[in-house]
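Me: I'm new to protein structures and would like to learn how to read one. Could you walk me through a few features, one at a time?

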Amino acid sequence: MLSGCSSGPKAESASAASRSYAFWPQYPDDPRIQFVASYSSSEDVAPAKTTSLEKVVFGQEATPAAEISKPYGVAMRDGKIYVCDMRSNALAVLDLKKKQTRIVGITGFNRLEHPVAVAVADDGEIFVADNGRGAILVFDASERYSRVMAIERFKPAAVAVHGERVYASDITSQLVHIFDRRTGKPLGTIGSIGDQDGQFRLPLGVATDRAGDVYVVDMMRCRVQKFSPDGKLISAMGQLGDYAGSFARPKHIAVDADGVVYVVDAAFQNVQMFNAENQLLMHFGAPGAFPGAMNLPAGIAVCEDSTGVLADRLHPGFEAKWLVIVSN
């Protein structure tokens, strides 16, 4: 999890000076992204508390930690990180405000089979793309099952919500489907199969911006394309390469309130950031064993309402505008 951006230096306290921080880009450039935290189990959200009696009866590890085995799609809203765990076949909810970890979709009709992506609407409704069930499962803001969206031969790979529309990439039809958010009724599609702009070979990541425009990552063609809400091509960028600004194995995508586009690349093991004119701004993350290093990153989300939950981890000279969450 990383946050940005910087708005200028402030006086650094003595306690802050004794801590170490990781920033991108590197000095002497102004810092834009600060690494703040990583989470791999419930112990990272809140350490388990075991009473002396429980230790005597059950042993030292009376309450095992809930581990995140294979995270993929992620989202965040109101201090809660939503993580699709493909190996556990569940949606993990890391509630940083309440210091709780909850597991969703492991029982009953709403049982998840292979969750790969998640999106959260402004009212808290949760949309989980499950390509095992071939459907999008919808949960309410209290994490209770609500309804399901499905069509024939549907294998969703990503999901995004904007207004009354849900957008989902489909690796079977190689299109992006548009659904009515309330009824689940199909409203149309974006793109077609092919190698030209406006077409896809393997549509994967999907995101929307404030205006409702739709961004789609074509992993096979190493290309990001931008469409109007109804599917008209607006622009396209990217190609296969081994240099900054190109892509090797692009996965998911996010767009912040300033229109900055974040693209995860599992081969580069970083996130590249582009402006509205498709110009490369910077990248962050890299393979390795240091704070903020990445290992096969896949999912990404940008959250604008939760910077306060990690305020104590920020450098005093760094003012966070939003949080960027990257699954590895």
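This is a predicted model: local features need pLDDT of at least 70, side-chain atom pairs count only at pLDDT 80 or more; totals for chains, interfaces and linings use all residues.

Me: Let's begin with the inside. Which residues of the largest nonpolar core touch the most other members?

Reply: A nonpolar core is a set of buried nonpolar residues joined through their side chains. Here the largest one has 31 residues, and F127, I136, V159 and V166 touch the most other members. Among the elements that give two or more residues to this core are strand 9 (126-130), strand 10 (135-139) and strand 13 (165-170). Strand 12 gives the most, with five residues. There is also a second, separate core of 20 residues, which includes I68 and I325.

Me: What is V159 in contact with, beyond its neighbours within four places in sequence?

Reply: Its partners include F127, I136, V166 and V206.

Me: And is F127 buried or exposed?

Reply: Buried means under 20% relative accessible area. F127 has a value of 0%, so this residue counts as buried. F127 is found in strand 9.

Me: Now the hairpin. In which sense do strand 20 and strand 21 pair?

Reply: Strand 20 (residues 223-227) and strand 21 (residues 233-237) pair in the antiparallel sense, over four bridges. For example, V224 has M237 in strand 21 as its bridge partner. Five residues lie between the two strands of this hairpin, and G231 in the turn has a positive phi of about 105 degrees.

How values were computed. Residues are numbered from 1 along each chain as its sequence is written. Side-chain values use heavy atoms; hydrogens and water are left out. A nonpolar core is a set of buried Ala, Val, Leu, Ile, Met, Phe, Trp, Tyr and Cys residues joined through side-chain atoms within 4.5 Å. Buried means under 20% relative accessible area, exposed over 50%, partly exposed in between (1.4 Å probe, protein chains only). Contact means heavy atoms within 4.5 Å. Two strands pair if DSSP finds at least two bridges between them.
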